[in-house]
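Subject: Structure for you to look at

Hi there,

Here is the structure I promised, together with its sequence. Please open it and keep it beside you while you read my notes below.

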Amino acid sequence: TNRDSFKHCSKWFDRVHSLAPDLAIPGVLVANKTDLTDRIVVSESEGKAFASEKGLAYFETSTKNSESCLAPFVHLAKEYFRLYEEALEVMNAIG
């Protein structure tokens, strides 16, 4: 419902990655307010394309209707836990 917010995503993404350019940081792009179908200005395909280009998972949510609100958080938790387990394996291999 807000094209300006979507336009700023690239800047925000670049800012995060400029702080740690060599790290693979899990992230998500969340399209909220999907219940406002008559006010949608960024298409699902546009959001998915941006997310794919940046290596992000894409989610659509509606907090008003409580639709898919937890999914982005669960995804991030799983991704960070996976990274934690990978780091543990490396540490255990080193000794």
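Setting aside neighbours within four places in sequence, Glu67 is in contact with Thr34, Glu60, Thr61 and Ser62, where contact means heavy atoms within 4.5 Å. Glu67 sits in the loop between E2 and H3. Helices here are DSSP runs of H or I with at least four residues, strands are runs of E with at least two, and both are numbered from the N terminus. With a relative accessible area of 40%, Glu67 is partly exposed; buried means under 20% relative accessible area, exposed means over 50%, and partly exposed is in between, using a 1.4 Å probe and protein chains only. Glu67 and Phe50 are 17 residues apart along the chain, and their C-alpha atoms are separated by 22 Å.

Before going further, please note that this is a predicted model, in which local features need pLDDT of at least 70, side-chain atom pairs count only at pLDDT 80 or more, and totals for chains, interfaces and linings use all residues. Residues are numbered from 1 along each chain as its sequence is written, and side-chain values use heavy atoms, with hydrogens and water left out.

Most residues other than glycine have a negative phi. Ser66, however, has a positive phi near 55°, and Ser68 has a positive one near 60°. Ser66 is in the loop between E2 and H3, and the place of Ser68 is also in the loop between E2 and H3. Is Ser66 buried or exposed? Ser66 is exposed, at 60% relative accessible area, while Ser68 counts as partly exposed at 42%.

**The chain as a whole**

The protein chain has 3 helices and 2 strands, and from the N terminus on they run α-β-α-β-α. Its C-alpha atoms fill a box of roughly 60 × 30 × 20 Å along the principal axes. The radius of gyration is 16 Å, whereas a compact globule of 95 residues would have one near 12 Å; the radius is taken over C-alpha atoms, and the globule rule is 2.2 Å times the number of residues to the power 0.38.

Of the 95 residues, 20% are buried. The chain exposes about 6900 Å², with carbon and sulfur atoms supplying 57% of that area; accessible areas come from the Shrake-Rupley method with a 1.4 Å probe, and for residues only the protein chains shown count as cover. Among contacts with a separation of 6 or more, 66% are between residues 24 or more positions apart.

Ser10 lies in helix H1 and Lys54 in helix H2. Not counting residues up to four places away in sequence, Ser10 touches Phe50 and Lys54, and Lys54 touches Ser10, Phe13 and Asp14. Lys54 counts as buried at 19% relative accessibility, and Ser10 as partly exposed at 26%. Ser10 and Ala51 are 41 residues apart in sequence, with 9.9 Å between their C-alpha atoms.

The largest pocket has a volume of about 410 Å³. On a 1 Å grid over the protein atoms alone, a pocket is an open set of points where a 1.4 Å probe fits, with protein on both sides within 12 Å along at least five of seven lines, and lining residues have an atom within 4 Å of a point. Grid points are joined across faces, edges and corners, and a volume is the space filled by probe spheres set on the points.

Its lining has 19 residues, of which Thr1, Val30, Ala31, Asn32 and Val42 lie nearest the centre. The elements giving two or more residues to this lining are H1 (3-19), E1 (28-31), H2 (44-54) and E2 (57-60), and the largest share, 4 residues, comes from H1. By class there are 9 nonpolar, 7 polar and 3 charged residues; Ala, Val, Leu, Ile, Met, Phe, Trp, Tyr, Cys and Pro count as nonpolar, Asp, Glu, Lys and Arg as charged, and the others, Gly among them, as polar.

The second largest pocket has a volume of about 230 Å³. Its lining includes Cys9, Trp12, Phe13, Phe50 and Leu56. H1 gives the most to this lining, with 5 residues. By class, the lining has 10 nonpolar, 2 polar and no charged residues.

Best wishes
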